[in-house]
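The exercises below are meant to be worked with the sequence and the coordinates side by side. Try each task before reading the solution that follows it.

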Amino acid sequence: MGIQERKERERESMKSRILDAAMELYLEKDLENASIRNIADRIEFSPATIYLYFRDKEEIFFELYNIAFGEFISALNKQPRTGDTWDRMYAGCKLYIDWALEHPKLYDLMFILEMPMNVIQQQHCKDIGGEAFSILVERVAACIEQGQLKIKDVQLASMMIWNMLHGIVSLIIKRRVLVPEEQESVMVQALLDNYMLLIKR
């Protein structure tokens, strides 16, 4: 291994340590807890070391945003690619809700916190979130092609479905749903199923 290659591996290793520490701190408590100082304390380095690898906290959270979306997209891609097109779209919608409610802080990072979007806008970075949406678009397009949806515009139908899913999830995560916790799963299933009946042809 050459010197340059070793240095690059060491750099990537340190970046991974920083991101792991930031994710741990964020998941343990909240966004404020994952400060540069606390991240540095967690990996036993000075705060100045963090700035050798990341410009600021927003850049760190942009990387965590990519990690979270990577896990979500991986889960979507593990679903069967064959079978009835409607069933595939429905399964993706159900996975979206289940995954989000199982990982509420990651969902918050992916779809609610402004930090990652600030970096995307300021630095013109690629938004990996678009990959997740493209999976929905692909499944919606297949349903429209098979005559299974009332809505014929792929982008409109995809946005409507995503808005519905996001609405259900964010209301629960942000504790805006006024039903006992033990009834949430029943309510979520009913909302999803009845919405799908409204748009199914």
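## Exercise 1: a residue in a helix

L76 is buried, with a relative accessible area of 6%, where buried means under 20% relative accessible area, exposed over 50% and partly exposed in between, for a 1.4 Å probe and protein chains only. The model is a predicted one, in which local features need pLDDT of at least 70 and side-chain atom pairs count only at pLDDT 80 or more, while totals for chains, interfaces and linings use all residues. Residues are numbered from 1 along each chain as its sequence is written, and side-chain values use heavy atoms, with hydrogens and water left out.

Task: state which helix holds L76 and which residues L76 is in contact with beyond its neighbours within four places in sequence.

Solution. Begin with the element: L76 belongs to helix α4, residues 57-77, helices being DSSP runs of H or I with at least four residues, strands DSSP runs of E with at least two, and both numbered from the N terminus. Next, with neighbours within four places in sequence set aside, L76 is in contact with G92, L95, I135 and R139, contact meaning heavy atoms within 4.5 Å. Finally, the C-alpha atom of L76 is separated by 19 Å from that of V188, which is 112 residues away along the chain.

## Exercise 2: the overall fold

Task: describe the secondary structure and the extent of the protein, asking how many helices and strands there are.

Solution. The count gives ten helices and zero strands, and along the sequence the pattern reads α-α-α-α-α-α-α-α-α-α. The C-alpha atoms fill a box of roughly 60 × 45 × 30 Å along the principal axes. Of the 201 residues, 41% are buried, and among contacts between residues at least 6 apart in sequence, 68% join residues at least 24 apart.

## Exercise 3: the largest pocket

Task: give the volume of the largest pocket and identify the residues nearest its centre.

Solution. The volume of the largest pocket is about 400 Å³; here a pocket is an open set of points on a 1 Å grid over the protein atoms alone, where a 1.4 Å probe fits, with protein on both sides within 12 Å along at least five of seven lines, and lining residues have an atom within 4 Å of a point. Grid points are joined across faces, edges and corners, and the volume is the space filled by probe spheres set on the points. The lining consists of 20 residues, of which L101, P104, I172, I173 and E184 lie nearest the centre. Two or more lining residues come from each of α5 (85-102), α6 (104-111), α9 (154-173) and α10 (184-199).
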